[in-house]
Amino acid sequence: MNPIKKFFRSIADLWSLIVGLQITGKYFCQRQVTVHYPRKEIAPEINQTYRGHIELVASPKDPTKPKCISCLMCVSACPSGCITVVKSKPPKLSPEEEQAIKDAEARGEKVKKPTAPKEPSQWKYDFSLCSLCGTCVEACTVDSIRFSNELYVVGTSRNDFKYDLLARLKSQAEKRGPVAESKPEAETKEA
Amino acid sequence: MNGIATELIRIVVGLVAVAAFVGLNGLVLVYAERKGAGHFQRRPGPYEVGPHGVIQPIADALKLIGKQLFTPENADPFLFWLAPLLSFFPVLLLFVPLPFGPVLTVWEVDLGLLLILAFAGINVLALLLAGWASNNKYGLLGAGRAVAQSVAYEIPLLLTVLAIAFQSGTLNLSTIVSQQGSWPWQWNIVTQPLAFIIYLVSALGETNRAPFDLPEAESELTAGFHTEYSGMGFGMFFLAEYANMIVVSGVCTALFLGGWKGPFVDGFWWYLVKVYALLGAMIWFRWTYPRVRFDQLLNINWKWLLPLATLNLLGTAFLMKLF
């Protein structure tokens, strides 16, 4: 490009400065896109894409109980050691029942001892240690772990991030229950 | 004797008023800057402290005042603490010849423009001292940039101011304003549009404002010359920067935009409206343009602004001689 052309080109390119000002000026007048958090929260359909701390998946039969079979694969897979699962113990027998089993064994009969249920008795999760790597989600044999879309996690102490996920599942199921029932009512009101 | 005493009282009262004005303006401009930044990026800006965050700058100021004044190891303590003072206090003097209103001038000096240009130069020294004395590589680089930039951009600034001085035949800002009329087409910007643009660009360079904020480029130099300053040491530089912005806008208003004269009713309000419009434009520029590279910065100055300003000055001189 010859110098004279270059000179006029440079002057013509100054127009881009005006274009830049137009863009920011337009933005200045437009509606804000952020949300004032404590007073407002974003629409739930937006945080569907958010992957927060892990949560348990409810079993299809009983929404208050997880699919979990206490295999402890997640515990051994977790690199941060933030998952604690305690297996359920077999139900305690009354002295009479125990006596009956002993008697049966003495008689040489085959007795079916009551076995422990598969579901966990405790499912503790320390979010403050978790690195959200998702290894537990992959390791879970029955797809009982998934990422929640819990966006607003606030706590004032370290212990606030030690979650009891069984209790969380239960409370969520209870919360969802009445909502599901009340929905048709709302629809009829609108109609 | 009596005359000198009244003059002295006038100057002292004027300087106190200027200091109050500068402090108040710092608060207003910090708020405007942060709110502006927010809205240009489609977010609310400061919102929590007071309704719409109006008390935020006061909270910021209190935080700065409450902080410990910390001198880094192996820094030169005398020069280190001299620099913020040297940066802030001469700025107050720059307000002395500014004609805020028909009678609202601290001290009407015949060589007002010269006084402003002379004392504005001290700021460069302050930045150099700050960067040098803090014993920090980022500080030193920032100081080096500040000196190269301010020295370069002072020249076109001077040449454009000189063009107006040629045209009006005076260096007294009040006289320059009184020679212009009330309506926009009677202002100097109509006869000197090129000088106005060159002045505006050089003023941005002179005050180290974006897109020419290389001495404190956050992404490369952490904070440039004021990296090591905490508390009010930093606060002084901050206030000085905003005061300098007001001064360059004030001079621009007096030279090109008719000063305190405006449609319908003349008065200091027109001056303030114009100054704040220019400051708003500066904030707008800051949140629009990306920072230039250092070679680009000097190329703009030496290859464009300086020749154009010289041509403009020669043209003005020729036309003044002709008519």
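How many other C-beta atoms lie within 10 Å of that of Tyr289(B)?

How many other C-beta atoms lie within 10 Å of that of Tyr289(B)? The first legend gives the count.

Residues are numbered from 1 along each chain as its sequence is written, while chains are lettered from A and ligands numbered from 1 in the order in which they are written.

**View 1. Tyr289(B) and its contacts in both chains.**
Tyr289(B) has 16 other C-beta atoms within 10 Å and is partly exposed; a residue is buried with 20 or more such atoms, exposed with 12 or fewer, and partly exposed in between, C-beta atoms being placed from the backbone. Tyr289(B) sits in the loop between helix H12 (268–286) and helix H13 (294–322) of chain B; helices (H or I, at least four residues) and strands (E, at least two) are DSSP runs numbered from the N terminus. With residues up to four places away in sequence not counted, Tyr289(B) touches Gly20(A), Ala210(B) and Pro211(B); contact means C-beta atoms, placed from the backbone, within 7 Å. The C-alpha atoms of Tyr289(B) and Ala210(B) are separated by 7.3 Å, although the two residues are 79 residues apart along the chain.

**View 2. The contact of chain B with chain A.**
Chain B gives 10 residues to the contact, and chain A gives 10 residues. On the side of chain B that touches chain A, six residues are nonpolar, two polar and two charged. Here Ala, Val, Leu, Ile, Met, Phe, Trp, Tyr, Cys and Pro count as nonpolar, Asp, Glu, Lys and Arg as charged, and the others, Gly among them, as polar. The model scores ipTM 0.72 and pTM 0.76. The mean pLDDT of chain B is 85, with 100% of its residues at 70 or more.

**View 3. Helix H1 against helix H11 in chain B.**
The axes of H1 (residues 2–40) and H11 (residues 231–256) of chain B come within 9 Å and cross at roughly 95 degrees. Axes are lines fitted to C-alpha atoms, for helices over the stretch in contact, with angles from 0 to 180 degrees between N-to-C directions. H1(B) is therefore roughly perpendicular to H11(B); angles under 35 degrees count as roughly parallel, over 145 as roughly antiparallel, 65 to 115 as roughly perpendicular and the rest as oblique. Val22(B), Asn25(B), Gly26(B) and Leu29(B) of H1(B) meet Leu239(B), Tyr242(B), Ala243(B) and Ile246(B) of H11(B). Six residues of this contact are nonpolar, two are polar and no residue is charged.

**View 4. Helix H9 against helix H11 in chain B.**
The axes of H9 (residues 193–206) and H11 of chain B come within 10 Å and cross at roughly 170 degrees, which makes H9(B) roughly antiparallel to H11(B). H9(B) contributes Phe196(B), Tyr199(B), Leu200(B), Ala203(B) and Glu206(B), and H11(B) contributes Val248(B), Cys252(B) and Phe256(B). By class, seven of these residues are nonpolar, none is polar and one is charged.

**View 5. Positive phi at Asn208(B) and at His52(B).**
Asn208(B), not a glycine, has a positive phi of about 55 degrees. Asn208(B) belongs to the loop between H9 and helix H10 (218–221) of chain B and is buried, with 27 other C-beta atoms within 10 Å. His52(B), also a residue other than glycine, has a positive phi near 55 degrees. The loop between H1 and helix H2 (56–66) of chain B holds His52(B), which is partly exposed, with 14 other C-beta atoms within 10 Å.

**View 6. Asn149(A) in a loop of chain A.**
Asn149(A) lies between strand S4 (145–147) and strand S5 (162–164) of chain A. Asn149(A) is partly exposed, with 15 other C-beta atoms within 10 Å. Neighbours within four places in sequence aside, Asn149(A) is in contact with Asn47(A), Gln48(A), Tyr50(A) and Gly52(A). The C-alpha atoms of Asn149(A) and Pro79(A), 70 residues apart along the chain, are separated by 22 Å.

**View 7. Residues 179–191 of chain A.**
The mean pLDDT of chain A is 82, and 92% of its residues reach 70 or more. Over residues 179–191 of chain A the pLDDT is below 50, and beyond near neighbours in sequence this stretch has zero contacts in the model. Where pLDDT is low, the predicted coordinates should not be read in detail.

How values were computed. Predicted model: local features only at pLDDT ≥ 70, side-chain atom pairs only at ≥ 80, totals over all residues. pLDDT = per-residue confidence, 0-100. Contact = placed C-beta atoms within 7 Å.
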